[in-house]
There are 2 protein chains.
Amino acid sequence: MNLPTAEIVCLGNELLIGVTINTNSSYVGEELTKLGFEVRRITCIRDDVDLAVAFFHELFERKPNLVIITGGLGPTYDDIQLEVISKSTNLTLIENEIAIEQIKEYYAKKNLHLTKERRKMGKLPNGAEVLKNNIGGAPGCYIKYEDIDMYCLPGVPTEMKDIFSSIIIPRLKMEARNQIYEIKFQIFNCFESELAPYLNEISKKYSKLYIKSHPEYKDIKGIVIHISGTGKNAKEEVTKVKDSLQEIFIANLPSIKIKEILE
Amino acid sequence: MNLPTAEIVCLGNELLIGVTINTNSSYVGEELTKLGFEVRRITCIRDDVDLAVAFFHELFERKPNLVIITGGLGPTYDDIQLEVISKSTNLTLIENEIAIEQIKEYYAKKNLHLTKERRKMGKLPNGAEVLKNNIGGAPGCYIKYEDIDMYCLPGVPTEMKDIFSSIIIPRLKMEARNQIYEIKFQIFNCFESELAPYLNEISKKYSKLYIKSHPEYKDIKGIVIHISGTGKNAKEEVTKVKDSLQEIFIANLPSIKIKEILE
């Protein structure tokens, strides 16, 4: 599989000290996978400008096609996402009129003024496109830097998901990348290690597909076998591998039970 | 704060494609923070040997004091953690007698034999110390590499937590690092952006402490203010900052309500 690559970057000490469970990255990872991206890394970094800038310099060398950044767009002193992006790309932060208008409007509805702290959220890297935040005060933004599509999003999950689902998903769909096809099924009455040799063998034979056993998979009981592929023959290939695998399992491990997962 | 540094590395495509929410990293992050470490990064990487080896080469250059790795110790072909550690450290994988005994014992209780796939879990980097897994088949291990303490743990949360809490926590406590002292309180009837200027100012004054507002904090309502510090005067300093902040907030934002969080 030669898919476009993506990285997810989550800023915020709360993720590193265990205060917040990172649901943003699993949401974004799942959506990007469905859109045909290979998500190569998820990195959580501290609210520390120097450490974060060093991280982005490394990231730029890896040249992913897409980067989704969450967290650190708010009004407080430790909301440093855009400062970090500015320092690592050399794009100066300047007040963006559209962003300032959106922030003003958001607080005006609550009878609040545009203070210095709120105004800070409208300082975007030069050339950034504003992505409207329909739920909170901090707008997101889009930047193209060295052929990398970078989306800067807030960390509050409802705000992040709103921008991601209303703006980013439709846009990435328009770009008509490979869609993914996947099948999952449950297996009972056996150990993952009993399945391993058969999975091993079939994975070698169908190296373009993703074939994996999960001993724990969300809240689904048993061992979950997950097969996915991309490209125009994906559905046919994935279904064929599923059928072969089930036949092999039943032939070799007569006591197991298989249950299809319908989604 | 000049704390020992730690990184958490989580292996497994399931984390990158959004199948699994990464609760391991928040558990480990919280525990390491309590033990006085500064957790600098959490990275989730794919089950891809080359990409993962490249990642570890970068990590070794950052020279963290401690690395906790989870996931990829199991019997299947895509369980690559120890292969990756071996390739990135040049420590050969060899069958570890103690590990093989533990694996044999685990499967014997279930009337199962030591197959090739199960035996693979007992091949550890040369010189590694075995960490017994009381719950699952795959033992963890400890390696000292270039002054970095590396703990290799399974990805199944119950197994990871068992080894972490029974072996790693007591050991790190023994090393008598700085313990952390922290206070949190809730604020109602205001916006985070109204608190920002006061937090900004006090953070500059007490730069050794961690002072942060969280608009969403676990399941606690309102805005949570979190103050923490380390060292022998931590309790005194953190309490002093809490009192000052509450006074400042009440003086400047008379309509707010403050509620202490007792833990």
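Predicted model: local features only at pLDDT ≥ 70, side-chain atom pairs only at ≥ 80, totals over all residues.
1. Residues are numbered from 1 along each chain as its sequence is written, while chains are lettered from A and ligands numbered from 1 in the order in which they are written.

2. Let's begin with chain A by itself. Its secondary structure comes to nine helices and twelve strands (DSSP runs numbered from the N terminus: H or I of at least four residues for helices, E of at least two for strands). Along the principal axes, the C-alpha atoms fill a box of roughly 70 × 35 × 30 Å.

3. Chain A splits into domain 1 (5-174) and domain 2 (180-260), with bounds from an automatic or database domain assignment. The centres of these two domains of chain A, taken over C-alpha atoms, are 37 Å apart.

4. Now look at where the chains meet. The contact takes 51 residues from chain A and 52 residues from chain B; two residues are in contact if their C-beta atoms, placed from the backbone, lie within 7 Å. Elements of chain A that give two or more residues to this side include α2 (23-34), β2 (38-45) and α3 (49-62).

5. β2(A) and β2(B) (residues 38-45) run antiparallel and are joined by five bridges; two strands pair if DSSP finds at least two bridges between them.

6. How is chain A laid on chain B? A turn of 180 degrees and a shift of 0.0 Å along the axis do it, with an RMSD of 0.0 Å. That is the relation of a two-fold axis. Copies are superposed by least squares on the C-alpha atoms of residues with pLDDT of at least 70 in both. Of the residues of chain A, T43(A) comes closest to the rotation axis, at 2.2 Å (C-alpha).

7. Finally, visit P64(B), in the loop between α3 (49-62) and β3 (66-70) of chain B. Why does P64(B) count as buried? Because P64(B) has 22 C-beta neighbours inside 10 Å; the cut-off is 20 or more other C-beta atoms within 10 Å for buried, 12 or fewer for exposed, and in between for partly exposed, with C-beta atoms placed from the backbone. P64(B) and I148(B) are 84 residues apart in sequence, yet 6.5 Å apart in space, C-alpha to C-alpha.
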